[in-house]
Amino acid sequence: MQPETITSSNISFEEYRDQILRDYKIALISRECSLLGRREVLTGKSKFGIFGGGKELPQLAMARVFRNGDFRSGYYRDQTFMMAIDQYTVEQFFAGLYAHTDINKEPFAAGRQMGGHFATHSLNEDGTWKNLVQQKNSSADISPTAGQMPRLLGLAQASKVYRNEKGISNHSNFSSKGNEVAWGTIGNASTSEGLFWETINAGGVLQVPMVVSVWDDEYGISVHAKHQTTKEDISLILEGFRRDENHEGYEILKVNGWDYPALMDTYEKAEKLAREKHIPVIIHVKELTQPQGHSTSGSHERYKSEERLNWEREYDCNKKFKEWIIEHNIATAEELLDFEKAAKKEVRKGKTEAWNAYLSEIKSEQKEALEILKSVESKSANKNFISPLVNILASKEEPIRKDILEATRKTLQYITKENFAEKSTLQEWINNYIARIQPKYSSHLYNENDSSAIYIDEVKAQYDTNALQVDGRVILRDNFEKLFNRIPEALIFGEDSGKIGDVNQGLEGLQEKFGETRVSDTGIREATIIGQGIGMAMRGLRPIAEIQYLDYILYCVQGLSDDLATLRYRTFAKQKAPLIIRTRGHRLEGIWHSGSQMGGLIHLLRGIHILVPRNMTKAAGFYNTLMDSDEPALVVECLNGYRLKEKMPSNLSEIRTPIGVVETVKEGTDITLVSYGSTLRLVEQAAKELLTVGINAEVIDVQSLLPFDLNHDIVKSVAKTNRLLIIDEDVPGGATGYILHKLIDEQNVYQYLDSKPQTLSAQPHRPAFGTDGDYFSKPSTEDIFEKVYEIINEADPANFPKLR
């Protein structure tokens, strides 16, 4: 191996030597962080640690070809890479370990994620985009293995869109002619996950500029590769994806993780292919080690043979790097020893500074609390009970906030019947402290800036006197056309979305008008459809990802829940992905396509707006509202509403359906009926029939499940009618249970009720096939009528005798 093979650049020997020694220093610092980080966990200063020891050299090679504008979608062992691109310091490493809640000290997550989860800042303080082309970018990591892969696909596809779609003129902050590469990293064992294979297949089909590095140390947690991968070799079984003269596919490269110059050559080749030709590349980095085992939860000596352990000591990449440097006279052993000493000193110093910074704020809060507690202690008749709490808190040399609140709140328990000024001071301090500290752990689940969708005012549909009655799908189609003309960054994709204009013709003819880049078909692969959307949304595009039917969303709920829903929260509002997911559901007949997953989605997708329009005019208004905002949302269109007639609005593109606002579609005095989606039409029909027996029901369309009734309009209705029935086609306790919780716990609706609040849902099983299957599985108009009548009968049996 000759030193000059390390780089194709024409640089002097001194520059070349400096590059190598800088890399060696970073490798040493990263390894020392791992070693000292483990000790911090074992001594109790941190709860858990998972580190990048043994993976230093390939990450240095990847960093060497990583350019401004590029994006990483990676793996929780990439600490060396982040250090090498100057996005990670020793102090930040330990701040993450200690879960420091200051975003300036722990810039990846403000302590919300465990260490090893990296994210650069894509957003300014006001939520607007930074210039992503002028910085190196890392999308925010998630822990689920292979969960980073679908997002990688979208990050890479954005470059293809920016290169090929000439209509997008204002994208200089997001791309330089589509020349950016998306870099994915994954452990060899995690390639067993379906998300890996789905992404690899989709990347090969789309031919997007992504480079996937597989870090292979032969183990996944404690399980050897023979239990993980056919033939124990991921690149070998990926051979069918390799490109050749007749077929597009992947360039597949293999390199040993301890061979520094070979790594540099390999990554240079991969980068050039991906960046210039938009060819996806897989780099299988073999013969890596993991000298600290999987995590601080256990030791690798428990599952590795002595022979394997000896091999790992010999082929540790840092050790081999050192030998190579000495062998090629780049530095002497003595010089490198000085580097090693300096690295240890730098890491110890950084650790101390990070710990002191973390602790100083909490110790200040501890001091405040103790001053107030001591004043309460001196006045209370229960001093004997309070004193131990004060003494325990005072003895904490390394307190946490839980210690402070336990002591102060338990003290209140001992003075509930006492009354003195110091008690009021303590009560006020606790309330203020929680109000000040809680946002450090709970803020930014949704957009908290003025650009939030909840601040977009409603614009109602308007109609000419001779407005045409058209299929609902025509309203959607025409609205999408206007939306795509208005927003060149908008694009939509999914199964059957392109050529045929979706299964219900809501996109009819739009591919012909806007091209295959903006209106496109995908394979049957829901998880990566969502990944495409997340990645492209993170790079300034406005994607609409179509999941053909509501029940298919279960294929991609992991990415929606773990990645999209948490993105703004887990980055402390430093990244966003304003992806719209379009799907359809409700009221079709049969077990599939007609079940309702709303209850599960409501709970799994906190962080995403969930919108349930009752017709296509309302749906069109939601899409317009969302495109004016910057938040992710799931829009569930009524599957049986595409062929139902609606009047064509005269102001189609101006319509804005408000988010978090209910609509009273029929006023009444006797009972409030709450529903959404397709079921609302049945409720409206039942309300008409109830009038014939003297019951005047008020009908409210929820419209938006997340967020829900921000103006508390439902409780205002119940204050008038004094009775409440919630109806939907979800399983019992699903969305109706959620709505009831909102009304009772948040809107205090119980104070206005003269009858028990009730729910009417579907049977606790998927709907049976056929019209009769639907009738006996889901609420019918007769079910709604009889349930309402039963409630009124209970209150006034004389005027409303029992029905049956």
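## Basis of the description

Axes are lines fitted to C-alpha atoms, for helices over the stretch in contact, and angles between N-to-C directions run from 0 to 180 degrees. Helices are DSSP runs (H or I, at least four residues), numbered from the N terminus. Contact means heavy atoms within 4.5 Å.

This is a predicted model, in which local features need pLDDT of at least 70 and side-chain atom pairs count only at pLDDT 80 or more, while totals for chains, interfaces and linings use all residues. Residues are numbered from 1 along each chain as its sequence is written, and side-chain values use heavy atoms, with hydrogens and water left out.

## Two helix pairs

The axes of helix H5 (residues 148–164) and helix H6 (residues 194–206) come within 8 Å and cross at roughly 15°. H5 is therefore roughly parallel to H6, a term for angles under 35 degrees. Residues making this contact include Leu153 and Gln157 of H5 and Phe196 and Ile200 of H6.

For H2 and helix H8 (residues 260–277), the axes come within 9 Å and cross at roughly 40°. These two helices are therefore oblique to each other; oblique covers the angles left over when those under 35 degrees (roughly parallel), over 145 (roughly antiparallel) and 65 to 115 (roughly perpendicular) are set aside. Among the residues in contact are Leu57, Pro58 and Met62 of H2 and Leu263, Tyr267 and Arg275 of H8.

## Domains and cores

The domain assignment, which is automatic or from a database, gives domain 1 (14–331), domain 2 (362–368 + 376–441), domain 3 (469–654) and domain 4 (663–795). The centres of domain 2 and domain 3, taken over C-alpha atoms, are 49 Å apart.

A nonpolar core is a set of buried Ala, Val, Leu, Ile, Met, Phe, Trp, Tyr and Cys residues joined through side-chain atoms within 4.5 Å. The largest has 86 residues, and Phe94, Tyr267, Ile283, Phe321 and Ile325 have the most contacts inside it. Helix H11 (residues 333–379) gives the most to this core, with 13 residues. Because domain 1 and domain 2 both give residues to this core, it lies between them. A second, separate core of 83 residues includes Leu132, Tyr676, Tyr738 and Val749.

## An exposed loop residue

Lysine 47 lies in the loop between helix H1 (13–42) and helix H2 (56–65). Lysine 47 is exposed, with a relative accessible area of 82%; exposed means over 50%, buried under 20% and partly exposed in between, with a 1.4 Å probe and protein chains only. Lysine 47 and threonine 296 are 249 residues apart in sequence and 9.1 Å apart in space, C-alpha to C-alpha.
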